[in-house]
Structures are given as structure tokens and as C-alpha cells.
Amino acid sequence: MAVESVTNDLYSLEHLSHRFQITPDRIAQIATDRNLKQHQISGQLYLQKNEVQQLIEELFPGINDESLGYEIPEYLQNSPDAWAETLVKMYREKFTYPASVSPSQGEFLKSLTGNIAPKNVVEIGCFTGISTIWLAAGLEQTGGAGKINSIDLFEDIIPAPPYHRAYLPNPLEYAQNSVANAQLAHRVKFHKSNSVAVGERIHEILSEPIDFIYIDGDHTKEGCEKDFLLFYPHVAIGGYIVLHDIYPEYCNWDGPRYVIDKYIKTSPHFELMEVKTSPVNYGMAVIRKVSHDKSLELRTKLKNTALWQGIKDKPLGNFIKNNIF
């Protein structure tokens, strides 16, 4: 059997070591103690994916604490709507908390799409599909033709407390099934890809501008800035850009805040509203694009040229970055 086909069902100890920030020897020892079968392929040790949960329970003994999770509001639990019933089930999964949007944040997203009634929605950072369902539920209540293109790497979710508390292989399949159960599959198209790859061919995906984009992907300064600069030119005048996790002191990410302070806050091309969120104040920013920033778009195009790549780390490039960009 080819190594590629074998490793589809396995994780290398090196990979797990990187994810859990412990040595491969420590993982091997736990595997031995728990009688987990280790496979050797081309000199590397692997564990079966379906046995990784046992490793996780040994590494994170408090991970099964049932008290951790979002409080599900009564209106959601009592709703007969398929999307609400699906969300309740999803919120009860251990991998949901705290990486997914909370019910109150989700209701806010639903209210936005329900009131704005956008035709073309882009979501960067789907995770397991909870935010996607909230957005799609808002579109559904408008009765229009609005659709969501949702982008995520959809890598297997491996616990990394405090953000990930359970193991979920194939989150794309989980998200697809959840959207189908919510009876909203006609509203959503998933893209298993990085946002840059999708952004570079957005004209192949959409024939009209983006009316609403929800950015909740790479939260580093570089990643969030790249998403903003890549997709901003494709947002319609009067369209909306929503950023999640805008308060670094709570969420420990500074990318969205950096984008707001550098490009949005003092710009005449945007209207900005910052929203505090519950139960933890990670925050959201609702940004309305009121005009094109031709200078910003020109600078962004320049950054993507071979000329810029050749000078960006040289004295001239540093001068341009410090005084123009």
C-alpha cells in the first residue's frame, strides 16, 4: 500500500509533537502505556487517527469538563426551525467552545444578513460551520437569492486548550452535513482552500461584487491584513466588511485590531462601528465601504508585482514601507 494512502488515516508523531508542543518520545511513551498501535513507515512513527482521542485525554485530563461551553438560549432550544435545532446540536459538541462564535454573536451575524439582505456573501474562516449557519439563516429569512462562499483550510481539529477541546476529523464533511441538516445547503458553497487562493480567482466565482464579507480567518497581523487588502477591492460601494476578534486584550490576536487602526479608523472611505460581544468581549467591527480608496488599491497592486518582491527588503523597499505603505 502506498505511503500516501496509508497516512490519510494516520498522524505522524512529528506532526502531533508540533501540534501539542511536546516531544515525539513523550507521545510514543503515552501510546505504549495506553496500548495504542504505532505504525512505522519509511522510518517515521504514526498513530491511527481514531486512537488520537485517547492520547488527547492523557495529555489534557480536564478536557472532558462538562461545565465548559456556551449557554444555549431558550429561544434557540425551543425553535422548531431546522437551522436552530442544528445549531443546538453543534453547540453541545466539545470542539465548539470557545473557538466558534457564541450564540449571541451568531444572532448578531444573522441580524446583519437578515437586515442587509446581501446577494454575495464571503466568509473567511468557517471552522465547523456554526457562523455559516447563522449567516445563512439571516439570508433565508430575507427570501432573496443571497448565497455564501465560505472559505477554510478545514484541517482536522486537534485539541489545543484552551481554544480546541475535542478532536474532529474532516471538519469540511461535518460542516457540509450540518448545513444540510439546517436545510440551508442551497445557500452555501464551501471552498477547502486558503483565502489567498480563492481571492485571486474571485472573478471566476462571483460575477458581481461582494456585498458582505465576514473575516474570521488568519488573525495574525500579516494574515488579516492580507485578507483585507485582497478582498477589499471586490466589495461593492455600500457593502459591508465584518471583522471578528478585534480586542487583543481578550482574544490574544492583534491582526483585526491592526487592520482597523491602520486602514479603517481614520479613513474617509469607511464607516466603522465597533461592537462589544458576549459572553467574552472578543468584539466585532462592522465596516461599511462608502467609496473606493484608489491609493490603497494601487499600493496593494504594487505589493504583488515582481518589482516590489525584488526591492521590498532593500533600503528603497524599507523607505517605501515606512513612508508610503
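At its relative accessibility, does C251 count as buried or exposed?

Tutor: C251 counts as buried, at 3% relative accessibility. Buried means under 20% relative accessible area, exposed means over 50%, and partly exposed is in between, using a 1.4 Å probe and protein chains only. Before going on, please keep in mind that this is a predicted model, in which local features need pLDDT of at least 70, side-chain atom pairs count only at pLDDT 80 or more, and totals for chains, interfaces and linings use all residues. Residues are numbered from 1 along each chain as its sequence is written, and side-chain values use heavy atoms, with hydrogens and water left out.

Back to the cysteines. A disulfide is a covalent bond between the sulfur atoms of two cysteines; here it is taken as a pair of cysteine sulfur atoms within 2.5 Å. The structure holds zero disulfides. For C251, the closest cysteine sulfur belongs to C224 and is 10 Å away, too far for a bond. C126 also has its closest cysteine sulfur in C224, at 17 Å, again too far for a bond. C126 is buried as well, with a relative accessible area of 2%.

Now let's turn to the helices. Helices (H or I, at least four residues) and strands (E, at least two) are DSSP runs, numbered from the N terminus. Helix α6 (residues 82–91) and helix α8 (residues 130–142) have axes that come within 10 Å and cross at roughly 165°. Such axes are lines fitted to C-alpha atoms, for helices over the stretch in contact, and the angles run from 0 to 180 degrees between N-to-C directions. Therefore α6 and α8 are roughly antiparallel to each other. Angles under 35 degrees count as roughly parallel, over 145 as roughly antiparallel, 65 to 115 as roughly perpendicular, and the rest as oblique.

Which residues meet there? From α6, W83, T86, L87, M90 and Y91 meet I130, I133, W134 and A137 in α8, where contact means heavy atoms within 4.5 Å. By class, this contact has eight nonpolar residues, one polar and no charged. Ala, Val, Leu, Ile, Met, Phe, Trp, Tyr, Cys and Pro count as nonpolar, Asp, Glu, Lys and Arg as charged, and the others, Gly among them, as polar.

T96 touches some of these residues. T96 sits in the loop between α6 and α7 (103–116) and counts as buried at 1% relative accessibility. Leaving aside neighbours within four places in sequence, T96 is in contact with Y70, M90, Y91 and I130. P98 has its place in the loop between α6 and α7 too, and the peptide bond from Y97 to P98 is cis, with omega near 0°.

For another helix pair, look at α2 (residues 13–20) and α3 (residues 24–33), which pack at about 110° with their axes 8 Å apart. These two are therefore roughly perpendicular to each other. L13, E14, L16 and S17 of α2 make the contact with P24, I27 and A28 of α3. Those residues divide into five nonpolar, one polar and one charged.

N35 is found in the loop between α3 and β2 (38–41) and is exposed, with a relative accessible area of 68%. The phi of N35 is near 60°, a positive value in a residue other than glycine.
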